[in-house]
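Q: Please take a close look at a single part of this structure for a reader who is new to it. A connected account, which also places that part within the chain, would be welcome.

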Amino acid sequence: MLASSGITQKWVRRQISNFDYLMELNTIAGRTYNDLSQYLVFPWVLRDYRSKELDLDDPSVFRDLSKPIGVQNPAHVEEVEEKYEVFSDPSGVVDKFHYGTHYSNAASVMHYLIRMEPFTTLHVQLQGNKFDLADRQFYSIPAAWETLLKNPNDVKELIPEFFYLPEFLVNMNCLDLGQLQTGQRVDNVILPPWASSPEDFIQKHRQALESEYVSVHLHEWIDLIFGYKQRGPAAVEAHNVFYYCTYEGAVDLDAITDPQERLAVEGMIKNFGQTPTQLMKEAHPQRMSADEAARYNQKLAENAFASPDVFKNLEKLKAYFVDVYKDGEPLVYVGVAEVKSRSFLHSGLPSDLVTVNDCGFKHNHGWLPYSAAKKRPFTFNMDPLLATARQLPSLGAPFSPDLRVKSQLFTLTHDAKLFVVVGHWDNSFRVWSSSKGKMTQHIRKHTAVVTCVSVDIAGQHFITGSRDTTCKVWLIAHQHGFATSVDETPVQTLFGHDAEVSAVALNT
């Protein structure tokens, strides 16, 4: 899934940020905000939490991203190696490991987020309906880092909130978290001297994550957490082996028939934490330097196919004309289905091309961007209703009398299954079904005439604008990949205009 997403190439070329890439990796590896035992994991990126000024141009302020937390202190290497070598399980169930704890588990998430609900309550429940001892709580960022350097069994990495959420560092709920052995009360998290406030810490910490040093070394940490150093000989060499039950697939729960034993194993897995799904079995590519990325992207832009400026190449254009309405009524709207891929059986069938004239008559034609005929390089199959004497299909209820019928009043879902019409006198918009050939929804949520409508690029939402000075975003319901209806409650209402909205566009 990671390889097919193309996200790694974008990161290597510096087309997305380090933060966004880590979020993507976490998601693809099954990490989620909804499960504390599989919470998103982010790296410690700094090691300087005592200086008054943070110099991100100095490599010495950064943590060694090629090593796990347990051996950031070189003095721990021998102890960690010895623990791995001397361990032996007579039953053969438990493999050798460097660490009996994990860098990401439910307890560590609650540890960091103790000042915010629902994590406060979860922490209290975990500790037997009381707060943990003050000295064991997350009370200071410098102290937290120094604890990791002193204790090879404390291997906690960070969570994404350290890079965007200053509120988790503040005791906004005035919790009585106790006092340290020094007598100091635990309140707001103590920040490094180089941070003047929680907001300042988050800003500088995010800058550190996006710094040049981290950019060119982050792949080394990714190898440890998501990549080839997660398991096997490479993990042993990197001092990166954790307790066996933290790894995906290490325990076959379905093979455990005893309910009590299964419950115990599930609890052990939940408490120890879970290693992310292994995404790569080869070394992760290094990110380009800023200069390399600039040169690459410039070259890519120079070599990429660029559509010629139509107005500078008018003499090269060749026009083809198709008479849609015999009586010469002007067209005010033309929309073509934007289906990206089609099955082999349907590849030769025309797409839908919808037209509306200024009298409000709508027709569905067939369209293909190629043709076997030599007369023109496309196929156009006119709506057969136009060739009969039947009554032309009208869009029904009248438009507001002072509103000119124009293209902004119509939009088509990407698969052309639904056609949305606005501009009606009763402040509504109407949804037409192409398969049923009739109006299926009549939605009135604006307090004045709806003046414009547009579908988003992804084809999942559309937006309406109105004389009531608001815009509303609507969800398009899909079934089996096809648009079927519109949710009659807007997803969001946007305010801020002081006059009617005349045009809208949406990019989600």
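**From the loops to the sheet**

A: Pro-118 is found in the loop that lies between helices α5 (106–112) and α6 (119–126). Here helices (H or I, at least four residues) and strands (E, at least two) are DSSP runs, numbered from the N terminus. The peptide bond leading from Glu-117 to Pro-118 is cis, its omega being near 5°.

The structure is a predicted model, in which local features need pLDDT of at least 70 and side-chain atom pairs count only at pLDDT 80 or more, while totals for chains, interfaces and linings use all residues. Residues are numbered from 1 along each chain as its sequence is written, and side-chain values use heavy atoms, with hydrogens and water left out.

Asn-129 lies in the loop between α6 and α7 (141–150), and its phi is near 65°, a positive value in a residue other than glycine. Its relative accessibility is 65%, so Asn-129 counts as exposed; the term exposed means over 50% relative accessible area, buried means under 20%, and partly exposed covers what is in between (1.4 Å probe, protein chains only). Cys-174 is placed in the loop between α7 and α8. Phi of Cys-174 is likewise positive, near 55°, in a residue other than glycine, and with a relative accessible area of 66% Cys-174 is exposed.

The wider setting comes next. The chain has twelve helices and 13 strands. Its radius of gyration is 31 Å, whereas a compact globule of 508 residues would have a value near 23 Å; the radius is taken over C-alpha atoms, and the globule rule is 2.2 Å times the number of residues to the power 0.38. Along the principal axes, the C-alpha atoms fill a box of roughly 90 × 55 × 55 Å. Of the 508 residues, 45% count as buried.

Two strands count as paired if DSSP finds at least two bridges between them.

Strand β2 (residues 351–357) has six of its seven residues buried, so the rest of the structure largely encloses this strand. On one side, five bridges join β2 to β1 (residues 331–336), and the two run antiparallel; Val-336 stands opposite Leu-353 there. On the β3 side, β2 is joined to β3 (residues 362–368) by six bridges, again antiparallel. In β3, His-365 stands opposite Leu-353, and His-363 is the bridge partner of Thr-355. Strands β2 and β3 form a hairpin with four residues between them, and Gly-360 in the turn has a positive phi of about 90°.

Which contacts does Ala-337 have beyond its neighbours within four places in sequence? Its place is in the loop between β1 and β2, and its contacts are Ser-351, Asp-352, Leu-412, His-414, Asp-415 and Ala-416, contact meaning heavy atoms within 4.5 Å. Ala-337 counts as buried because its relative accessibility is 13%. From C-alpha to C-alpha, Ala-337 and Val-354 are 8.5 Å apart in space, although 17 residues apart in sequence.

Confidence is expressed as pLDDT, the predictor's confidence in each residue, from 0 to 100. The chain has a mean pLDDT of 88, with 92% of its residues reaching 70 or more. Over residues 341–346, however, pLDDT stays under 50, and for these residues the model has four contacts beyond four places in sequence.
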